[in-house]
Amino acid sequence: MVEQIRGDAPVLVIGLGRFGAACAGELDRLDREVLAIDESLELVQKWSERVTHTVQADARNIDALKQIGAQDFQVAVVAVGSIIEASVLITANLVDLKVPQIWAKAVSQSHGKILARVGANHVIYPEREAGERVAHLVSGRMLDFIRFDDDFVLAKMYPPKFIRGVGLNESGVRTKYNVTVVGVKSPGKPFRYAEANTVVTNHDLIIVSGTNVDVERFAALDR
């Protein structure tokens, strides 16, 4: 069982390539305390102005991790992915230091399996996930797409004609297509949660949830 982690717990980010730097920068923007490390002094200096705490260190060396206090973190992100051996060794070091929650980037299914067996709690496949997302967007039917576990997805799209101008309960979206409209975005207004009597107009965008197959089928309806 994964230990419950505080929502504001400091995060250790290892690797300042594009993925690691984006993760560290966004966490910093969200006012999370972040320590980002990389063995490259050039990358550490490059990101030092965007991330509050950056340190040069070789995370393959467990003593180096101890010196920066890695064992005191509850959450770590291993953003080193291209060098599989380093990625696995760093993850193993964090496990040995008893970091309770470890997120690790993988570049392949086999790499991900090794990371999970070593002790990573969450394995991330950023390139595969980005590729899947683009595949759903290139059709032009969806404006955004997020897949979760167990084949559950959220998609942003224009509403089909048959649900416009009537309440969602009248249109029968859920009973006919097994999807749920969870949010509506009107021009110039923030997203709002959809309710049974919500009326969608020609100018709105909607957020829809359901299985991948059901959402794809719904997105293919006449607009």
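1. Basis. The model is predicted, so local features need pLDDT of at least 70 and side-chain atom pairs count only at pLDDT 80 or more, while totals for chains, interfaces and linings use all residues. Residues are numbered from 1 along each chain as its sequence is written, and side-chain values use heavy atoms, with hydrogens and water left out.

2. Helices (H or I, at least four residues) and strands (E, at least two) are DSSP runs, numbered from the N terminus; two strands pair if DSSP finds at least two bridges between them. Strand S9 (residues 180–185) runs antiparallel to strand S11 (residues 205–211), with five bridges joining them. Within this pairing, Gly183 has Ile207 of S11 as its bridge partner. S9 is also antiparallel to strand S10 (residues 192–193), here through two bridges, and Val184 stands opposite Arg192 of S10. The hairpin of S9 and S10 has six residues between the strands, and Gly188 takes a positive phi near 75° there.

3. Asn212. This residue is found in helix H9 (residues 212–219). Asn212 counts as buried because its relative accessibility is 16%; buried means under 20% relative accessible area, exposed over 50%, and partly exposed in between (1.4 Å probe, protein chains only). Neighbours within four places in sequence aside, Asn212 is in contact (heavy atoms within 4.5 Å) with His136, Phe145, Arg147, Asp151 and Val153.

4. Aromatic pairs. Rings of Phe, Tyr and Trp (its six-membered ring) pair if their centres lie within 6.5 Å; planes under 30 degrees apart count as stacked, over 60 as edge-to-face and the rest as tilted. Phe148 is partly exposed at 40% relative accessible area, and Phe152 is partly exposed at 36%.

5. Phe162 and Phe218. The ring centres of Phe162 and Phe218 are 6.4 Å apart and the planes are at 80°, so this pair is edge-to-face. Phe162 lies in the loop between strand S8 (152–157) and helix H7 (168–171) and Phe218 in helix H9, so the pair ties together parts 56 residues apart in sequence. Phe162 is partly exposed at 31%, whereas Phe218 is buried at 0%. Phe162, Tyr177 and Phe218 form one aromatic cluster.

6. Charge over a ring. The criterion is NZ of Lys or CZ of Arg within 6 Å of the ring centre and within 35 degrees of the ring normal. The charged end of Arg128 sits over the Tyr125 ring, 4.1 Å from its centre.
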